[in-house]
Each structure stands twice: as structure tokens, then as C-alpha cells.
Amino acid sequence: MSEPAANPAVNPAVNPAATSFPTATITLPLGPGVLRTYSGALLCLEILFGGLVWILVASSNVPVPLLQGWVMFVSVTTFVFSSAYLALLITGLADRINTDWNFLDLFYHFIALLFYFAAFVLEAATTAAAIKILPNQTVCILKPRGNILTFLDGRQYSINVVATIFAFVVTLCYGCSMVMGFKRWRK
């Protein structure tokens with residue numbers, strides 16, 4: 001006995017949506033051309049200034065580990081993730097990963113903005129609560145503000161002031177990147 005011929009009207013066609021993935025959605029140029037965009041330039045500034053925050057806080061010998069530990073965590077983590085994201089864009093591998101890169105860019109910069117804003121506030125609080133140690137090792141306490149009391153020498157105080165300024169600059173960079181990512185995502 002022979003098998004009956006397959007009737008195309010009886011067998012429905014395979015749904016192509018079930019067997020294929022959507023193409024990657026990204027509006028940023030890939031390759032070295034990403035560095036010529038505002039988003040690429042901001043990403044480079046985030047990496048540069050974020051690395052400086054990391055180096056400055058570490059070089060101040062982290063006088064308040066409870067507060068500055070979060071600053072170190074945020075600066076190191078965002079440095080690594082931003083570097084990996086820039087590497088994905090420069091090498092063009094983002095085009096091979098099927099995801100909505102515009103949304104992922106917006107989400108990453110939103111989370112990084114929240115974390116870096118908290119890190120900036122904690123670094124500013126550490127610096128503002130500093131009590132200067134005079135060169136002859138005497139301590140002058142005028143009136144402690146709040147519950148935080150930090151003893152910093154002149155070098156540590158200066159380093160923390162610069163780290164606070166750079167943390168603010170990085171926070172602004174992440175905010176600008178988030179706004180530009182939101183504009184790309186809405187299109």
C-alpha cells in the first residue's frame with residue numbers, strides 16, 4: 001500500500017515567527033563610528049571619569065568604609081559594564097545579539113544614573129562631614145553635623161573633594177546618556 005499524498009490544504013504552513021528571532025534593534029552606528037556620536041563620546045567620558053572616581057576614592061585610603069564602599073562598588077561596576085558595552089558597540093557584536101538595544105541602553109543608563117547619584121551623595125556627605133587634622137596633629141571640632149564624623153588630613157580631604165566633583169560629572173554624563181537613550185527608544 002502506498003501512503004496518501006500530502007495535501008497542502010490540510011497541512012498548515014509552519015509559522016515563520018516561531019522559527020526565527022527578530023533582528024537586533026539598535027540605532028547607534030556600530031564599529032569605530034560610534035565614537036563620533038554624542039552617545040559614544042558620553043560613554044567614553046563615563047568610563048574616563050568613572051575610573052577617576054574609582055582611583056581617587058581608593059587613593060584616599062577609604063576613611064569611611066561604610067559610605068565609600070558603595071562609591072567604590074558603583075564606580076568599579078559601572079566602569080566594567082560601560083567598558084563592556086562600548087566594546088560590544090565598537091566590535092559590532094551588538095548586531096549579532098538579538099535584543100532591543102535601544103531599550104537596554106535606556107535601562108542600563110537609568111540604573112547607572114540612580115546608583116551614581118547615590119554614590120555622589122554619599123561621597124559628598126563623607127567630604128562634608130570631614131574634620132580637618134591640622135599639621136601639628138591637633139584636631140579642631142567646631143560642631144559635628146549629623147551622625148557622621150570623619151577625620152581626614154589635608155591630602156585625604158582634597159582627594160575626596162575632587163572625587164565628589166568627578167562623581168557629580170559622571171552622574172551628569174549618565175543622565176545625558178539616559179535622555180538620549182530615551183529619545184532613541186521612543187522612535
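Colleague: How many helices and strands does the chain have, and in what pattern do they follow?

Modeller: The chain of this predicted model has five helices and two strands. Along the sequence the pattern reads α-α-α-α-β-β-α.

Colleague: Let us turn to the helix pairs. How is the packing of two helices described?

Modeller: Two values are used: the angle between the axes and the distance between the axes.

Colleague: Why are α2 and α4 called roughly parallel?

Modeller: The axes of α2, residues 38-59, and α4, residues 101-128, cross at roughly 30° and come within 13 Å. Angles under 35 degrees count as roughly parallel, so α2 is roughly parallel to α4. The crossing of these two helices is left-handed.

Colleague: Which residues make the contact of α2 with α4, and how do they divide by class?

Modeller: From α2 come L43, E46, G50, V53 and V57, and from α4 come H109, Y116 and E123. By class, this contact has four nonpolar, two polar and two charged residues.

Colleague: What makes α3 and α4 roughly antiparallel?

Modeller: The axes of α3, residues 65-91, and α4 cross at roughly 155° and come within 9 Å. An angle over 145 degrees counts as roughly antiparallel, and therefore α3 is roughly antiparallel to α4. In passing α4, α3 makes a left-handed crossing.

Colleague: Which residues of α3 and α4 make that contact?

Modeller: On the α3 side they are L67, Q68, W70, V71, V74, S75, T78, F81, S82, Y85 and L88. On the α4 side they are W101, D105, Y108, H109, A112, F115, Y116, A118, A119, L122, E123 and T126. These residues divide into 15 nonpolar, six polar and two charged.

Colleague: How do you know that α4 and α5 are roughly antiparallel?

Modeller: α4 packs with α5, residues 154-186, at an angle of about 160°, and their axes are 8 Å apart. The cut-off for roughly antiparallel is over 145 degrees, so α4 and α5 are placed in that class. The crossing of α4 and α5 is left-handed. Their contact has 20 nonpolar, nine polar and three charged residues.

Colleague: Now some single residues. Why is V34 called buried?

Modeller: V34 is found in the loop between α1, residues 16-19, and α2. Buried means under 20% relative accessible area; V34 has 1%, and V34 is therefore buried.

Colleague: What does V34 touch, leaving aside residues up to four places away in sequence?

Modeller: V34 touches P29, G40, L86, L89 and I90. Of these, I90 is 56 residues from V34 along the chain, while the C-alpha atoms of V34 and I90 are separated by 6.8 Å.

Colleague: What makes I47 count as buried?

Modeller: I47 is found in α2. Its relative accessibility is 14%, and the cut-off for buried is under 20%, so I47 counts as buried.

Colleague: Which residues does I47 touch, not counting those up to four places away in sequence?

Modeller: I47 touches F79, S82, S83 and L86.

Colleague: Where is K187 found, and does K187 count as buried or exposed?

Modeller: K187 is found in the segment after α5. Exposed means over 50% relative accessible area; K187 has a relative accessibility of 83%, and therefore counts as exposed.

Colleague: How far is K187 from N102, in sequence and in space?

Modeller: K187 and N102 are 85 residues apart in sequence. In space, C-alpha to C-alpha, K187 and N102 are 9.5 Å apart.

Note on methods
Residues numbered from 1 in each chain as written. Predicted model: local features only at pLDDT ≥ 70, side-chain atom pairs only at ≥ 80, totals over all residues. Heavy atoms only, no water. Helix = DSSP H or I, 4+ residues; strand = E, 2+ residues; numbered from the N terminus. Axes fitted to C-alpha atoms, helices over the stretch in contact; angles between N-to-C directions. Parallel < 35°, antiparallel > 145°, perpendicular 65-115°, else oblique. Left-handed = near helix turned anticlockwise from the far one by under 90°. Contact = heavy atoms within 4.5 Å. Nonpolar A, V, L, I, M, F, W, Y, C, P; charged D, E, K, R; others polar. Buried < 20%, exposed > 50% of the residue type's maximum accessible area, 1.4 Å probe, protein only.
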